[in-house]
Amino acid sequence: MWFHKPIIDEELLQSLPNLKIVSSSGVGIDHLDLKLLSRFGVKVSNTPFVVSTDTADLGMALMLASARRLVEGYQMAVSPDTEYFPADWLGVEVSEATLGIVGMGTIGYKVAQRAKAFEMKILYHNRNQRNKEEENAVGAVYCKKIDDLLQQSDFVMLAVALTPQTHKLIGKRELELMKPTATLINISRGLVVDQDALVEALQNKVIRAAALDVTYPEPLPRDHPLLRMKNVIVTPHIGSATHDTRRVMMQDMAESIEAALAGRPIPNEVV
C-alpha cells in the first residue's frame, strides 16, 4: 500500500484468497481494519522507524516557518506590488520558547532532540512517561495532563498516532486552553484536530497561528478557510518525503513481503 491505496476492504480480500500480507508505507495504520485482515489470515507490516527523522525535521521546519512568517515574507519579497519592507513586520522567537510535544514516541523524541539545540523548554504528554535518562538527555518535563502542557506552551506539536482515543484530541476546549500567542503544529494525522474548531480559534485569535502537514481531507477543498488565512501554513503531507527515506521505505516494504512469502518472521509486523 502506498498513500493508503488500494483500499483494503472485505470485497478486495474475498477476491484475493492467497493474500498473505499487506505491506503499508509509513507509520500510521489508521487506514487499515486490523481485525478484518486478521480474520482473513493476512499479516500487516509498516515502516515506522525510517520516517521518524524526516518527519521530525519537517516539524521543526514548520515551527520555524510559522514563527518567522516565512511564507508571508517570501510573498512580500517577490510581489510586484512591494515598494518597501515594513519595519514593523515581526515574527516570534523560537529560541528559549516553550515547546509542548503531544506524543513522545520516536518522532516526538527526535523533535525534542532538535528543540534542545534551540534551547527550548520542552514539555511532553504521552500515554507513558519516558525514563529519566531519556528525559534528561533532552531536558523534557512530563505533563501527565494534556491541559497543563497546553496552558504553558508557546508551540504545541502533535506527533501522536490516530486512534479512537486521539480522534479530535484537540478541539474547542483544548484550543481555548492554549495561549493567545501560541502556535499549533500538526505532523501526525488531520483527524487528531477538530478542524472546524481550529478555523474558529484562528479567526477569533484564540491562538496565534497553525502549521499543518496533515488535514482532512487531503487535499482540502480549494475554498477551505484554512487555505486563505495568512497565519496558517499548510503543506501536502510531506513528513517522509525525501529521496533517501522513500527509497528505504520501499526496501523495507519489499523485505516484509519477501519474509511473509518465505514464512520467515516479518520485519516491522503490526500485531
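View 1. Lys43 is partly exposed, with a relative accessibility of 42%; buried means under 20% relative accessible area, exposed means over 50%, and partly exposed lies in between (1.4 Å probe, protein chains only). The model is predicted, so local features need pLDDT of at least 70 and side-chain atom pairs count only at pLDDT 80 or more, while totals for chains, interfaces and linings use all residues. Residues are numbered from 1 along each chain as its sequence is written, and side-chain values use heavy atoms, with hydrogens and water left out. The side chain of Lys43 meets that of Glu269 in a salt bridge, at 3.7 Å from N to O. Lys43 belongs to strand E2 (residues 43-45) and Glu269 to the segment after helix H10 (243-262), so this pair ties together parts that are 226 residues apart in sequence. Helices (H or I, at least four residues) and strands (E, at least two) are DSSP runs, numbered from the N terminus. Glu269 is partly exposed too, at a relative accessible area of 32%.

View 2. Glu200 and Lys172 form a salt bridge in which the closest N and O atoms are 3.6 Å apart. Glu200 sits in helix H9 and Lys172 in helix H8, so the pair ties together parts that are 28 residues apart in sequence. Glu200 is partly exposed, at 38% relative accessible area, and Lys172 is partly exposed at 45%. A salt bridge is counted when a side-chain nitrogen of Lys or Arg is within 4 Å of a carboxyl oxygen of Asp or Glu. The structure has 13 of them.

View 3. Asp244 and Arg247 meet through their side chains in a salt bridge of 3.1 Å, N to O. The two residues are three apart in helix H10, which means that about one helical turn separates them. Arg247 has a relative accessible area of 45% and is partly exposed.

**View 4. Strand E7 and its two partner strands.** In strand E7 (residues 183-186), Thr183 and Ile185 point one way, Leu184 and Asn186 point the other way, and all are buried. Strand E6 (residues 155-158) pairs with E7 in the parallel sense over four bridges; two strands pair if DSSP finds at least two bridges between them. Phe155 stands opposite Thr183 of E7. From E6 the chain passes through helix H8 (residues 172-177) to E7, in a right-handed β-α-β crossover. Right-handed means that, with the strands pointing away from the viewer, the path from the first strand over the helix to the second runs clockwise. E7 also runs parallel to strand E8 (residues 209-212), joined by four bridges, and Ile185 stands opposite Ala211 in E8. E7, helix H9 (residues 195-203) and E8 form a right-handed β-α-β unit.

View 5. Glu72, Gly73 and Met76 are buried in helix H4 (residues 70-78). They span an arc of only 100° around the axis, so they lie on the same side of H4; the arc is that of the directions from the helix axis to the C-beta atoms. Leu70 and Tyr74 are exposed, on the face of H4 turned away from its buried side.
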